[in-house]
Each structure stands twice: as structure tokens, then as C-alpha cells.
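This report goes through a protein model one kind of contact at a time. Keep the structure open and find each residue as it is named.

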Amino acid sequence: MSPRPVAVVTGGAGFIGSHMVDLLVERGYAVRVIDNLVGGREANLAHHAGNSDVVFEKIDIRALEAGSKLFADAKYVFHFAGIGDIVPSMEQPIEYMSANVQGTVHVLECARAVGAKLVYAASSSCYGLAETPTREDHPIRPQFPYALSKYQGEQACFHWHSCYKLPVNAVRIFNAYGTRSRTSGAYGAVFGVFLRQILAGKPLTVVGDGTQTRDFLYVTDVARAFLAAAETSMVGQVWNLGAGKPQSVNRLVELLGGDKVHIPKRPGEPDCTWADITKLTTELGWRPEVSFEEGVRRIVENIDYWREAPLWDPASIAKATETWFKYLG
């Protein structure tokens, strides 16, 4: 019996990364998980306890060195590790550039040492306030240090591809949601905010009139797209990733149920995010499988997960709001 192919998942204890681990194990891979547990949780991998094919190493990607045993014999590297959230990046740009750019370079060097193919988790924030539906050739206009750091990480990946012939692809994620998503952090996406409010017994805070739309894609569909981006023979490619079917915040509130209150619209936020997924579906044969209604139902069914997860505290929320209006108001 031949040994299982090896895949490395950085940020593998996090939201999307842990679902990537699940899919890889299901598809017969041995998985090495790298995470510093700043944004991830070991609980996200607890169901793999006792599985010798899943190895976890608590380490910051910036501490990785070429030749690391964690990358030995790796066929694929899925790079999700980094720092998220827009607002903190405006106060901590050096940390964001260090983790998301220099950290990516460390991962690239580890992949280069073993010749592994790398798939980079890029961000649609690189487009800024984009025309919709947004294609891959839309002008790059990052508005925040977070967006810039993620885009420069992407640029580093393609530079390693052109300079060192490292096989690399990138997937620009729009609005991922699903089980294990974070409800901690200074300022998060709408799902995290609403889950925190549901757990606290508070009304849902709808920004503006709630007609703004987001291209929500369920996390298991995200993982499938990344595996397709690895297993394809194509390299040097970038794809936009969403459901291609934006949903309104009002529709999300309707599905979640409960009371709601409206708060003023924040400056600098788009009315709509909408990925043109034509390139991805055509070239990789991928299609979203989980409907928005089904995805929200799964989240509600697993609400107990978030009862034990770290939640935002009121002080951090107030600070984040202050920061947002300081720079964008």
C-alpha cells in the first residue's frame, strides 16, 4: 500500500483552514497543520485526535525555516495563515505586513525547498470598492493595510513562481461563512457580529437599511475550491471565489430570526460584493454546493460551538468603531 500524499495547511486550526484539513483527510491525504493559535483554536481539530495522519505544530509562520521537517515530502501547501480584520490593520500596519507578507515568504521558502505546489488564500479586499460582478482583471485598489498586506503576499507568491519556478496558484476569497467562524477580534464580518449578539441575547445590529449584499460562500465549498486549485495541472493562476449570488443582510436577519436594530452606515463599506466566478467554474469545473439557506441552518444548528468560543467584549467593539470613523469618517 502506497503512503498517503502529504499536504501542509498553514492556519489549519482556524476557520477555513480546519475545514481544509477535514476535506484533505476525507480525500486520503496525510495533513500537517501549522498554526500559532492567535486566531485558530485547537478545538477546531479535536475530532482528528488520535489520527496519526494529522499532525499539529504550534508555530508562527515567521519562525519557519526552509528545510523544516513539517514540509518534508509535501505535495501541496495550502496557505491560510495570517492576520485578518480591516480595522486593527489601520492601527497595527507593521504587524500586518510582517505576518501577511514576510510570513508568506517564509512559507514560500519552505515550499520551494521541497518543490511543493502552493495555493495562496488571497483576499477580494485587494479590489477595494469594486465594480460588480468583479472579475480577476479588475484594477487593484487596496484601501487598508490588511488589504495591501494580503495583496503583497499574493504578489510574493507569483514572484516565487516566475523567479524560482515554484508552482503557485491563488484564490481570492470574497465572503466565506460557516461553522467555526470567529466571533472574536476587534471588528468582524457580519456573521461573527450577529452570532455574538444572538449568544448575548441582544438584537441584531443592521448597518444602514440592510439592503447591502455580500457574496457569501459556505466554508466547505471554499475548501473544495482550494483543493481543485491544487490538483489542477494549471499554475500561475488567480481565481475569484464566491457563490456568484449575493445575499442581502436583511435576508440573513430573516433566516436567523430575532429582533433587529438599525445603526448608521459606515463610510468606506461597499453596498455589494459579488464575485464573477466564470473563470473558476470554467477552468476548474467547480460549483458551489451549499445553498445560503442550508449554510445558515447549519450554523444555527451548531450554535453551541460559539457558546464556548471567545467573544468580543464591548470595549474592543467601541474601540474598533472609534478607529473606523477616525480613518474613514
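## Salt bridges

A search of the whole structure, which is a predicted model, finds 16 salt bridges. Side chains of opposite charge can pair when their charged atoms come close. One of these bridges joins the side chains of Arg62 and Glu95, at 3.1 Å from N to O. Arg62 is in the loop between strand 3 and strand 4, while Glu95 is in helix 3 (residues 93-114). The two are 33 residues apart, and the pair links distant parts of the chain. Arg62 is partly exposed, at 24% relative accessibility, and Glu95 is also partly exposed, at 32%.

Another salt bridge is formed by the side chains of Asp137 and Arg135, with 2.4 Å from N to O. How exposed is Asp137? Its relative accessible area is 53%, and exposed means over 50%, so Asp137 counts as exposed. Arg135 has a relative accessible area of 44% and is partly exposed.

## Salt bridges within helices

Arg224 forms a salt bridge with Asp221, and their closest N and O atoms are 3.0 Å apart. Where do these two residues lie relative to one another? They are three residues apart in helix 6, so about one helical turn separates Arg224 and Asp221. Both Arg224 and Asp221 are buried.

Salt bridges can also share partners. Glu294, Arg297, Arg298 and Glu301 are joined in this way into one network.

## Aromatic pairs

A pair of aromatic rings is described by the distance of the centres and the angle of the planes. With rings paired when their centres lie within 6.5 Å, the count comes to 13 aromatic pairs. Tyr29 lies in the loop between helix 1 (15-26) and strand 2 (30-35), and Tyr76 lies in strand 4 (residues 74-79), so the pair ties together parts that are 47 residues apart in sequence. Both Tyr29 and Tyr76 are buried.

Phe191 and Phe292 form an edge-to-face pair, with 6.4 Å from centre to centre and 75° between the planes. Phe191 belongs to helix 5 (residues 190-199) and Phe292 to helix 9 (residues 292-301), so this pair ties together parts 101 residues apart in sequence. Phe191 is buried, with a relative accessible area of 6%, and Phe292 counts as buried at 7% relative accessibility. Both residues also belong to one aromatic cluster, which is made up of Tyr177, Phe191, Phe216, Tyr218 and Phe292.

The charged end of Arg112 sits over the ring of Tyr164, 3.9 Å from the ring centre.

## Nonpolar cores

Which residues have the most contacts inside the largest nonpolar core? They are Met20, Leu24, Phe78, Phe191, Phe194, Phe226 and Leu241, in a core of 60 residues. Helix 6 (residues 219-231) contributes the largest share of this core, with eight residues. Apart from this core lies another one, of 28 residues, among them Ile34, Leu70, Val107 and Ala122.

Leaving out residues up to four places away in sequence, Phe194 touches Leu204, Thr205, Val206, Val249, Leu252, Val253 and Leu256.

## A covered strand

Strand 11 (residues 237-241) is mostly covered, as four of its five residues are buried. Strand 6 (residues 168-173) and strand 11 run parallel and are joined by five bridges. Asn240 in strand 11 is the bridge partner of Arg172.

## Two single residues

Tyr151 lies in helix 4 (residues 145-164) and counts as buried, at 17% relative accessibility. Not counting residues up to four places away in sequence, Tyr151 touches Cys126, Ile140 and Arg172. The C-alpha atoms of Tyr151 and Ser125 are separated by 8.3 Å, although the two residues are 26 residues apart along the chain.

Ala72 is in the loop between strand 3 (54-58) and strand 4. Is Ala72 buried or partly exposed? Ala72 has a relative accessible area of 29%, so it is partly exposed. Apart from neighbours within four places in sequence, Ala72 is in contact with Val6, Arg32 and Val114. Between the C-alpha atoms of Ala72 and Gly236 there are 23 Å, and these residues are 164 residues apart along the chain.

Conventions:
Residues numbered from 1 in each chain as written. Predicted model: local features only at pLDDT ≥ 70, side-chain atom pairs only at ≥ 80, totals over all residues. Heavy atoms only, no water. Phe/Tyr/Trp six-rings, centres within 6.5 Å; stacked < 30°, edge-to-face > 60°. Buried < 20%, exposed > 50% of the residue type's maximum accessible area, 1.4 Å probe, protein only. Lys NZ or Arg CZ within 6 Å of the ring centre and 35° of its normal. Core = buried A, V, L, I, M, F, W, Y, C linked by side-chain atoms within 4.5 Å. Contact = heavy atoms within 4.5 Å. Pairing = 2+ DSSP bridges. Salt bridge = Lys/Arg side-chain N within 4 Å of Asp/Glu carboxyl O.
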